[in-house]
Amino acid sequence: MVDGWLTLTIALLAGISQAIGDSVILLFNRVRPAHFALGLVLSSLWFVLGLLIYALSLWLMIALLFGVEQQPGRVIVIVFLGSTPLLFGFLNMAATLGPYAGWALRFLGWLIVLVGVHLGWGFTIWQAFICTALARLLVELLSVAFGQPLDRISAWLWRTATGASIGMSVRGQRSLRTGEIQRSTILSFSTALSAQLFGDEAPAVSSSADRQTESG
Amino acid sequence: MPFGIVLLLAPLILVTVAGVLFLMACMAAALEPLLWWAGWSRRSAVNLLPFDSPTAALLEPDVDSYIVYLSGAGIMDPNQMEEKERQFIELLRARLPRSMLITDVFPYSATNNPQLGERRLARLWRYAWHARKARRRSFFQWLSVHAQQLRNSLQVAVSSDRRYGPILSYGVSQVVVAGLLRHGYRLGSDKPVILTALSGSGQISVGCVPILKRLLRRPIWIASIGGILTDDPGILETEHVYHLSGSLDNTQHMPRFFFPGVWPIFRQSAINRARRQGRITVFDVGPMKHMRQGDYMSRSATLPDGQRYVDKTIAVLTEVVARIEADAQVAMNRSEAATPDGWVSEPRVGLGLRSLREKAEGV
């Protein structure tokens, strides 16, 4: 099982690299360096767990659609191998261009899995495509079905491990990645700072900009 | 390996390595405001405002507006501007004696730490500073000058990134407010605040507007001189953007390559909505370039009517400031009658600017 350990190492490192790319999640929470490191490890484990769920759904698809029966180990190895491009996941942190780099890396990873399924089981490219796409769909359906308990568990885990409080659920982390939480948090910080500056609770400005923004 | 394959692969490898290095530079750029916010940097105080400042008790200076000048990506320290920019500021000050011009804000740092300030790469930036003055530059001097501009340009990228932009903007906004207070601005003043943004600071100023509005409880105007305007949602909170555009300035159109939101097909993007709301007015100021000879501050290049480029830029800016002051006054007078504390400004302040534009073009 050298292959297995090697690919697991790759997946864990890719998870850490991805977490560095997403470090805004931790740094926006103003965590301490030790908690930051712990957050990276936790994030890496979470990432590997996600890969495992995807691998199992891919294995299920291969078995259900094409009647190929075998141990899931081989599928897991292929999916872990597919995380190789994500060793550069830290580039996701790059300002403005980072998300594009992230998409490119994830696309490369998916291509690796596609080719792995194509070569590993002698499927045509289209068959391999259907397997990987349906497996992804299954994972998405699972996350919808079990989204809420998963959210609670992940939020609790993150809070416990890192001491962070802002946006620690799965959904919250997604909002931190898109910047929604940063914007709303900073704006409420600004309002609070303004109250401190003015020393009262005077109403905020009402201008044409507000009215037009509200009306969309 | 056959020579042909090596020849084919070499450029690909070089481009990939260059791309990865560039992305790493973009990463480093994002780290600066992030580490400041997280409290990991030496300048860890997130609140930058002088709450105990005596300026609040002082009488407000007798001016009609406050203009915060935010320089382009070439700036290293607002207190050590290049001669050309310094003269531009002096001319602007002379043409706008009733405006308080604030020029000591470095918009490419959340903590107002200029490139020539206390930094890890201070030696490199000082080298670049001297290299800029050299008549003939060596390769390393040329490289350092471009690295200096790249560093500031990447802060523009940070500002436009939804993940980091609010953090950088929060710092810069506090610096702007601190600058206003230092220059006698009284909180709650009815004098309009205008961000005059050159080049990359166009995006930075747009990013700051929502925060500044909340801090000052007043509308904010932007006068952009060839400014970089992306699809930042802050533009929808800007009272009005007056954009001075040179026909030979291609750099101002750079966002088209990196921000699909500026493409007209994305009708719901912030900048396209702002355009439809009449919130942006573009002035074609003539065949001006973005920088160097023939730019907005050029004293040697002239328009067909003999007017120097710098004079044209200042003339249009003067008109813009006059218009903003008039709009602000009208809005203030009306709101005093309606609500004692609200500052309900005129809807669509930018409307009716066709005459202004024609007037400006005729200057």
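Two residues are in contact if their C-beta atoms, placed from the backbone, lie within 7 Å.

**Confidence of the prediction**

The predictor assigns the complex an ipTM of 0.85 and a pTM of 0.87. For chain A the mean pLDDT is 87, and 91% of its residues reach 70 or more. Within chain A, residues 203–216 have a pLDDT below 50, and this stretch has 30 contacts in the model beyond near neighbours in sequence. Chain B has a mean pLDDT of 86, with 87% of its residues at 70 or more. In chain B, pLDDT stays under 50 over residues 339–363, for which the model has 50 contacts beyond four places in sequence. Where pLDDT is low, the predicted coordinates should not be read in detail.

**Helix pairs**

Two packed helices are described by the angle between their axes and the distance between the axes.

| Helix pair | Angle | Axes |
|---|---|---|
| α4(A), residues 73–81, and α5(A), residues 98–120 | about 150 degrees | 8 Å apart |
| α3(A), residues 33–66, and α7(A), residues 147–162 | roughly 145 degrees | within 8 Å |
| α4(B), residues 139–160, and α5(B) | roughly 110 degrees | within 6 Å |

In chain A, helices α4(A) and α5(A) pack at an angle of about 150 degrees. Because of this angle, α4(A) is roughly antiparallel to α5(A). Their crossing is right-handed. On the α4(A) side, A:Arg74, A:Ile78, A:Val79 and A:Leu81 take part, and they meet A:Ile112, A:Val113, A:Gly116, A:Val117 and A:Gly120 of α5(A). By class, the residues of this contact are six nonpolar, two polar and one charged.

The axes of α3(A) and α7(A) cross at roughly 145 degrees. Helix α3(A) contributes A:His35, A:Leu38, A:Gly39 and A:Leu42 to the contact, while α7(A) contributes A:Leu157, A:Trp158, A:Ala161 and A:Thr162. Here the residues divide into five nonpolar, three polar and no charged.

In chain B, the axes of α4(B) and α5(B) cross at roughly 110 degrees, which means that α4(B) is roughly perpendicular to α5(B). B:Gln155, B:Val158, B:Ser159 and B:Ser160 of α4(B) meet B:Gly165, B:Leu168 and B:Ser169 of α5(B). This contact has two nonpolar, five polar and no charged residues.

**The sheet of chain B**

Strands of a sheet pair through backbone hydrogen bonds, either parallel or antiparallel. In chain B, six strands form an open sheet with parallel pairing, in the order β2-β1-β3-β4-β5-β6. Strands β2 (99–102) and β6 (280–286) stand at the edges, each with a single partner strand, so one side of each has no neighbour in the sheet. On average, neighbouring strands are turned by 20 degrees against each other, direction ignored.

Helix α5(B), residues 165–182, packs on this sheet and touches β1 (65–70), β2 and β3 of chain B. The direction of α5(B) makes about 135 degrees with that of β1(B).

Within the sheet, strand β3(B), residues 193–198, runs parallel to strand β4(B), residues 220–225, and six bridges join them. One residue of this region, B:Leu198, has B:Ile225 in β4(B) as its bridge partner.

Key:
Residues numbered from 1 in each chain as written. Chains lettered and ligands numbered in written order. Predicted model: local features only at pLDDT ≥ 70, side-chain atom pairs only at ≥ 80, totals over all residues. Axes fitted to C-alpha atoms, helices over the stretch in contact; angles between N-to-C directions. Helix = DSSP H or I, 4+ residues; strand = E, 2+ residues; numbered from the N terminus. Parallel < 35°, antiparallel > 145°, perpendicular 65-115°, else oblique. Left-handed = near helix turned anticlockwise from the far one by under 90°. Nonpolar A, V, L, I, M, F, W, Y, C, P; charged D, E, K, R; others polar. Pairing = 2+ DSSP bridges. pLDDT = per-residue confidence, 0-100.
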